[in-house]
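Let's read a structure together, feature by feature. Have the viewer open and follow along.

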Amino acid sequence: RATRYGAAAVTALHEGITGEMVALRAQDIITVPIESVIGHLKTVRPHNDLIRTARGLGVSFGD
């Protein structure tokens, strides 16, 4: 999935799209304006598999 995000970000830049971020919607990676996501809090459960994996790799979340 990370490769798809990276490829979509590079493609967007190549197409002149700025001020947007790549996001996953259903199975599609799309671009969305940054303004539409600023200020929206999205929480992740502390015992989520991705969090456990990140911690296992040494990523710190400030706690």
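Q: What share of the 63 residues in the protein is buried?
A: Buried residues make up 10% of the 63, where buried means under 20% relative accessible area, exposed over 50% and partly exposed in between, with a 1.4 Å probe and protein chains only. Keep in mind that this is a predicted model: local features need pLDDT of at least 70, side-chain atom pairs count only at pLDDT 80 or more, and totals for chains, interfaces and linings use all residues. Residues are numbered from 1 along each chain as its sequence is written, and side-chain values use heavy atoms, with hydrogens and water left out.

Q: Which elements does the protein have, and how do they run from the N terminus?
A: They run α-β-β-α, giving 2 helices and 2 strands. Helices (H or I, at least four residues) and strands (E, at least two) are DSSP runs, numbered from the N terminus.

Q: What radius of gyration does the protein have?
A: The protein has 14 Å, whereas a compact globule of 63 residues would be near 11 Å. That value is taken over C-alpha atoms, and the globule rule is 2.2 Å times the number of residues to the power 0.38. Along the principal axes, the C-alpha atoms fill a box of roughly 40 × 25 × 25 Å.

Q: Is Ala12 buried or exposed?
A: Ala12 counts as buried because its relative accessible area is 8%. Ala12 sits in helix 1 and touches Ile17 and Thr31, leaving aside residues up to four places away in sequence; contact means heavy atoms within 4.5 Å.

Q: Which residues line the largest pocket?
A: Rolling a probe the size of a water molecule over the atoms shows where empty space is left. In this model the lining is Tyr5, Met21, Val22, Ala23, Leu24, Val37, His40, Leu41 and Lys42. A pocket is an open set of points on a 1 Å grid over the protein atoms alone, where a 1.4 Å probe fits, with protein on both sides within 12 Å along at least five of seven lines; lining residues have an atom within 4 Å of a point. Strand 1 (residues 20-25) gives the largest share of the lining, 4 residues.
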